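Subject: The structure I promised you

Hi,

My notes on it follow below.

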Amino acid sequence: MRPNATSATAPLAGETHPPALHRLVAAVQALSMAHSLAGIQEVVRHTARELTGADGATFVLRDGDQCFYADEDAIAPLWKGCRFPLTACISGWAMLHRQAVMIPDIYADPRIPVDAYRPTFVKSLVMVPVRLADPIGAIGNYWAAPHVAGADEIELLQSLANTTAVAIENAQLYAQLDQRVRERTLQLEAANAELEAFAYSVSHDLRAPLRAIDGFSQALQEDAAGRLEGECLSHLAAIRRGVKRMNALVDDLLRLSRISRAEMHRQVFPISDLAAEVAAALRQQEPERQVAFQLEPGGLQAEGDPALVRIVLENLLGNAWKFTARASPAEIGFGRQPGVEPAVYFVRDNGAGFDPKYAGRLFAPFQRLHAASQFPGTGIGLATVQRIVRKHGGRVWAESQPGCGASFYFTLSPSA
Ligand SMILES: Nc1ncnc2c1ncn2[C@@H]1O[C@H](COP(=O)(O)OP(=O)(O)OP(=O)(O)O)[C@@H](O)[C@H]1O
Ligand SMILES: [Mg+2]
């Protein structure tokens with residue numbers, strides 16, 4: 001018969017130990033926040049010893065058919081860093097038998113490899129398995145003087161071991177999740193880079209054949225105009241219009257992929273000055289238009305790449321300018337939403353507006369909600385805006401009602 005072997009299912013003794021219980025509760029909380037094995041180890045090795053007031057504690061991990069003494073907290077060295085076969089040490093016994101073991105006199109118990117204990121202070125011990133159903137480790141307590149551990153001590157240690165098991169499983173899940181997120185991010189980055197390279201080379205390579213079509217159709221127009229009939233001439237003119245349009249599309253695509261490849265130079269800069277410059281340039285292009293700009297005064301600052309943010313403002317203010325062509329009086333506003341962090345900048349107008357149902361679509365390349373005959377454009381502006389904003393880690397979105405103007409919002413840093 002095994003001397004004094006005690007099962008872990010013993011109830012807590014009537015006389016509880018409030019400081020020990022407090023310590024256990026604190027450990028449960030700390031373990032619930034530990035997301036790595038190292039963090040768990042740190043909590044366990046201190047708590048295990050303090051819970052019972054033992055002279056030493058070890059934290060053992062199962063590694064195949066071996067016990068790895070991962071960590072310890074004791075009055076003198078025990079076996080930290082050592083490995084023993086599961087069948088040749090008491091932590092292995094607790095794991096293989098899925099039960100706690102209490103040994104008041106290690107020299108009187110045949111399960112103890114006394115040679116390993118002779119150099120240590122240990123006279124008595126308790127060992128509890130971590131995860132009773134399928135042990136992944138064990139926690140040991142050791143005493144320098146003969147000690148008969150009570151059921152409450154064993155129960156406390158087993159509770160710590162059970163919580164440790166959950167914490168280890170959580171840590172493994174976190175590690176797996178983290179790894180998966182990292183893998184997916186890498187895959188996504190690779191796919192994006194591939195797409196970018198593809199868009200760049202396609203648009204780049206399309207230029208040469210386009211130039212040939214353009215050049216030869218122009219030559220045909222010039223050299224053979226006299227020999228061609230009316231219908232053939234208008235076909236030729238249609239070819240030239242198509243080529244011109246395709247050239248514009250290719251240019252836009254190239255510009256878009258260049259933005260994604262561009263290096264970012266973040267700095268603090270006066271974004272309201274930038275908006276004023278863009279507004280002035282718009283006025284200069286169409287001086288006959290009456291447009292009231294309400295730009296937030298007072299040197300509004302932003303943090304980002306000023307050259308890229310200029311492109312954002314050129315597109316958003318340019319759209320506001322374009323889509324207020326029929327508004328009278330036309331009003332365009334730029335500013336920062338008060339009291340919101342990170343900063344949310346807006347561009348709003350009282351122009352044509354759009355159906356909010358399609359607000360999400362606007363940011364895809366070549367998506368337009370208005371007829372080119374009414375409001376010209378290729379539909380690349382907002383796609384460019386979104387790329388730049390995302391490059392900054394920010395977000396862009398729009399609100400509108402048909403006929404009631406539109407508001408575009410953007411941030412230049414990730415949301416909290
Ligand atoms: N301020 C706005 N008011 C109403 N509709 C807008 C406004 N800004 C954008 N839109 C809608 O979103 C579409 C896409 O805008 P985007 O800037 O990408 O293209 P575009 O202005 O038509 O052409 P591009 O910018 O390439 O010259 C526009 O065609 C229009 O339908
Ligand atoms: Mg535009």
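Let's begin where two parts of the chain meet: six residues of domain 2 are in contact with seven residues of domain 3. On the domain 2 side of that meeting place, the residues divide into four nonpolar, one polar and one charged. The centres of domain 2 and domain 3, taken over C-alpha atoms, are separated by 29 Å. Before you go further, keep in mind that this is a predicted model.

**The whole chain**

Where do the domains fall? Domain 1 covers 18–177, domain 2 covers 190–261 and domain 3 covers 267–410. In terms of secondary structure, the protein chain has nine helices and 13 strands.

Now zoom out and look at the outline. The C-alpha trace spans about 115 × 50 × 35 Å along its principal axes. The radius of gyration is 37 Å, whereas a compact globule of 416 residues would have one near 22 Å. Of the 416 residues in the protein chain, 31% are buried. There is also a number for how the chain comes back to itself: take the contacts between residues at least 6 apart in sequence, and 63% of them join residues at least 24 apart.

**Around the ligand**

Next, find ligand 1. How many residues surround ligand 1? There are 22, and the closest are Arg368, Leu369, Gly377, Gly381 and Leu382. Two elements give two or more residues each to this shell, namely helix H8 (306–323) and helix H9 (381–391). H8 gives the most, with four residues. Sorted by class, the shell has 10 nonpolar, 10 polar and two charged residues.

**Helix H9**

Is H9 largely enclosed or open? Nine of its 11 residues are buried, so H9 is largely enclosed by the rest of the structure. The buried ones are Gly381, Leu382, Ala383, Thr384, Val385, Gln386, Arg387, Ile388 and Val389.

After H9 comes glycine 393, which has a positive phi, near 85 degrees.

**Two strands side by side**

Now try strand E7 (residues 267–270) and strand E9, which pair in the antiparallel sense over four bridges. If you want to see the pairing residue by residue, look for proline 270, which stands opposite glutamine 301 in E9.

In a regular strand the side chains alternate between the two faces of the sheet. E9 (residues 301–304) lets you check this by eye: Ala302 and Gly304 make up its covered face, while Gln301 and Glu303 make up the uncovered one.

Start with the cis peptide bonds:

- Serine 328 to proline 329 is cis, with omega near 0 degrees. Proline 329 sits in the loop between H8 and strand E10 (330–336).
- Glutamate 341 and proline 342 are also joined by a cis peptide bond, with omega about -10 degrees. Look for proline 342 in the loop between E10 and strand E11 (345–349).

Then there are two arginines with a positive phi, in each case in a residue other than glycine:

- Arginine 98 has phi near 50 degrees. It lies in the loop between helix H3 (90–97) and strand E4 (101–103). With 13 other C-beta atoms within 10 Å, arginine 98 is partly exposed.
- Arginine 131 has phi near 70 degrees. Its place is the loop between strand E5 (124–130) and strand E6 (137–143). Arginine 131 is partly exposed too, with 19 other C-beta atoms within 10 Å. A residue needs 20 or more to count as buried.

Glycine 335 and phenylalanine 346 are 11 residues apart in sequence, and their C-alpha atoms are 5.6 Å apart in space.

Terms used
Residues numbered from 1 in each chain as written. Chains lettered and ligands numbered in written order. Predicted model: local features only at pLDDT ≥ 70, side-chain atom pairs only at ≥ 80, totals over all residues. Near = placed C-beta within 6 Å. Nonpolar A, V, L, I, M, F, W, Y, C, P; charged D, E, K, R; others polar. Rg over C-alpha atoms; globule rule 2.2 N^0.38 Å. Buried ≥ 20, exposed ≤ 12 C-beta atoms within 10 Å, placed from the backbone. Pairing = 2+ DSSP bridges. Domains from an automatic or database assignment.
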